[in-house]
Amino acid sequence: MNWSQIAAMPWMLWRRQVAAILRLELKKSLFSKRAWWIYILTLGPVLLTGLHSLIPRGEHTLANDNTIYAGIFQVYYLRLGIFFGCVGIFSNLFRAEMLERTLHYYFMSPVRREVLAVSKYLAGLIAAVVFFAGSAALSYILICLHWGPVFQQYLFHGPGLAQLGWYTLTAALACVGYGAVFLLTGVLYRNPMIPAAVVFVWENLNPFLPSLLKKLSIIFYLKSLCPVEIPGDLPLLAVLTEPTPAWLAIPGLLIVSALVLAYAAAKARKLEVSYSE
Amino acid sequence: MSEPRILFDNVSRFYGEVLGVNRVHLSIPPGITSLVGPNGSGKTTLMNLMMGLIRPSRGEISILGIPPDRPEELFRKAGYCTQFDAFPRGLTGYEFLYSFLLVHGMVESEADKLAVEALQRVSMMEAADRPVAAYSKGMRQRIKLAQAIAHRPTVLVLDEPLNGLDPMARAETIALFEQWGAEGKYVIVSSHILHEVDRISDQVILLSHGYVVAEGQIQGVRSEVKDQPMQILVRCNKPGMLASRLFEQDHVVEAKVAGDGKSLLVRTRDADSLYLLLNRIVMDNGLEVEAVAPADDDVNSVYQYLIGEVGTT
């Protein structure tokens with residue numbers, strides 16, 4: 001089948017184009033020197049939990065380790081690691097190519113800009129999920145590993161496997177949500193760090209916001225999905241709001257991410273190559 | 001039915017308050033069209049507008065009926081060799097071409113075939129497996145050219161494509177342009193090397209400060225420059241006698257016998273009358289004329305007359 005025949009079948013053409021762009025982009029997102037700090041964000045908690053598994057158990061219990069992990073996940077992964085990892089990965093999908101003056105090669109290919117934006121997003125998402133969902137799952141296993149058979153029992157015959165699944169899913173959904181937001185900021189702004197800082201402040205103000213505004217954030221839905229609550233998590237002056245049930249939080253996050261992605265794709269269609277400005 | 005063209009209809013582009021190009025009307029036929037003008041005259045802006053990398057502030061552009069804001073259609077027919085000298089990291093010359101042909105949506109075997117064909121056309125097969133980052137300036141220029149032509153486009157837009165090429169590669173590249181022009185492709189070339197442009201162009205577009213100051217076949221453009229007398233070189237056996245006869249005419253501004261004593265350079269405001277008169281002198285005075293040729297209907301002269309700067313040669 002030649003190019004003209006493929007071009008007459010839009011879905012096949014787009015599938016091939018997405019695959020080709022993924023090939024190029026994954027190389028940059030997963031295996032480049034530029035990604036060194038993302039490796040650190042990812043490997044940091046894995047190393048720490050790995051070290052923890054070497055320390056004698058002492059007085060504490062498996063439940064203690066579970067709660068500690070809940071803290072690591074909600075404070076480190078959701079608020080810092082995944083957030084800043086996604087800033088780095090997704091903001092740069094277009095912006096880094098502007099800085100390196102290579103974006104025009106994509107713009108000079110017969111590819112719909114929407115297909116290009118979605119392909120780049122998918123490449124970023126694959127990289128982010130591999131890094132962060134993988135790291136979160138590995139850390140969960142490592143922090144409890146030194147419990148040996150007790151942990152095995154907890155994992156396979158208790159709530160452990162479900163918890164592991166929820167943490168992994170929540171980390172992946174965080175990548176989906178923050179990824180869409182930071183792809184958009186990368187398309188819209190010359191310096192994506194300023195909007196990233198604004199989003200960071202907004203997400204961290206979440207406990208203090210009124211119920212309605214709380215729902216206009218990603219962290220609110222992600223926290224609703226976390227399987228273990230952190231005791232004493234609520235800071236002074238925090239506003240109590242019922243967590244959103246998973247059946248609503250997951251499709252809600254996916255729909256909002258899809259809308260943000262669609263807007264980013266529409267904006268990418270209007271994007272100009274203006275390296276010197 | 002008339003042939004499709006590249007059309008600019010009252011196109012302007014501003015960068016904030018800075019003028020890129022203003023009120024451009026163009027209708028570009030097939031063949032080699034050269035964009036000529038000094039730095040900052042708007043050549044690259046015009047090419048970027050044509051290829052949809054930037055958008056017009058005003059006006060409409062159509063490339064063989066396709067608006068440039070539809071890259072998914074435009075770049076099936078068009079290829080663009082830009083002036084940007086940067087490449088995606090970590091790719092060899094072959095991988096660079098092959099990867100972006102896959103981005104077009106081609107199957108692997110077709111992408112491989114076209115990548116190899118493009119590499120051969122720009123004589124880069126030997127360096128195909130070396131990283132682009134290790135290429136010389138001339139090789140980078142050639143791989144960019146290969147990327148522009150790899151999918152066999154009908155419209156080729158080439159921004160300073162001869163920059164950095166050695167004389168051999170320059171000659172080969174010019175031969176390629178001539179071949180594409182002869183095949184009926186639309187080849188738009190910007191260059192500041194005027195004598196090369198002059199040799200290959202079917203038509204020229206002269207730009208100055210964002211405005212198109214002249215457009216068309218170079219001889220036609222020259223004849224429109226009424227305020228500059230035409231220069232005509234006559235090689236004959238009696239240049240002195242010819243000069244004395246020509247000086248009797250009002251339209252003859254200057255007649256200068258060349259150092260070798262065998263030719264006369266005449267500046268006239270009415271070339272047609274001069275040719276008629278020349279015929280009469282030949283008949284009446286037995287003048288033996290070896291050659292008669294316009295001496296300033298080249299791009300360089302027209303460039304100097306219209307833009308007022310000495311073109312690079």
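Biologist: How many helices and strands does chain A have?

Modeller: The model is predicted: local features need pLDDT of at least 70, side-chain atom pairs count only at pLDDT 80 or more, and totals for chains, interfaces and linings use all residues. Residues are numbered from 1 along each chain as its sequence is written; chains are lettered from A, and ligands numbered from 1, in the order in which they are written. Helices (H or I, at least four residues) and strands (E, at least two) are DSSP runs, numbered from the N terminus. Along the sequence, chain A reads α-α-α-α-α-α-α-α-α-α-α-α, with 12 helices and 0 strands.

Biologist: What radius of gyration does chain A have?

Modeller: The C-alpha atoms of chain A fill a box of roughly 65 × 45 × 35 Å along the principal axes. The radius of gyration is taken over C-alpha atoms, and the globule rule is 2.2 Å times the number of residues to the power 0.38. For 277 residues a compact globule would come near 19 Å, and chain A agrees with that, at 21 Å.

Biologist: What share of chain A counts as buried?

Modeller: A residue is buried if 20 or more other C-beta atoms lie within 10 Å of its own, exposed if 12 or fewer, and partly exposed in between; C-beta atoms are placed from the backbone. Chain A has 277 residues, and the buried share is 39%.

Biologist: Which helix gives the most to the side of chain A that touches chain B?

Modeller: Two residues are in contact if their C-beta atoms, placed from the backbone, lie within 7 Å. By that rule, 28 residues of chain A are in contact with 25 residues of chain B. Helix H1 (3–7), helix H2 (10–30) and helix H5 (103–107) of chain A each supply at least two residues to this side. The most, 7 residues, come from H2(A).

Biologist: How do the residues on that side of chain A divide into nonpolar, polar and charged?

Modeller: Ala, Val, Leu, Ile, Met, Phe, Trp, Tyr, Cys and Pro count as nonpolar, Asp, Glu, Lys and Arg as charged, and the others, Gly among them, as polar. The side of chain A that touches chain B then splits into 15 nonpolar, 6 polar and 7 charged.

Biologist: Which residue takes a positive phi in the hairpin of E1(B) and E2(B)?

Modeller: Strand E1 (residues 6–15) of chain B pairs with E2(B) over 7 bridges. B:Val11 stands opposite B:Val24, and B:Phe14 has B:Leu19 as its bridge partner. The hairpin has 2 residues between the strands, and the positive phi, near 65°, belongs to B:Gly16.

Biologist: Which residue takes a positive phi just after H11(B)?

Modeller: Helix H11 of chain B covers residues 299–307, and its buried residues include B:Val299, B:Tyr303 and B:Leu306. Just after H11(B), the residue with a positive phi of about 80° is B:Gly308.

Terms used. Pairing = 2+ DSSP bridges.
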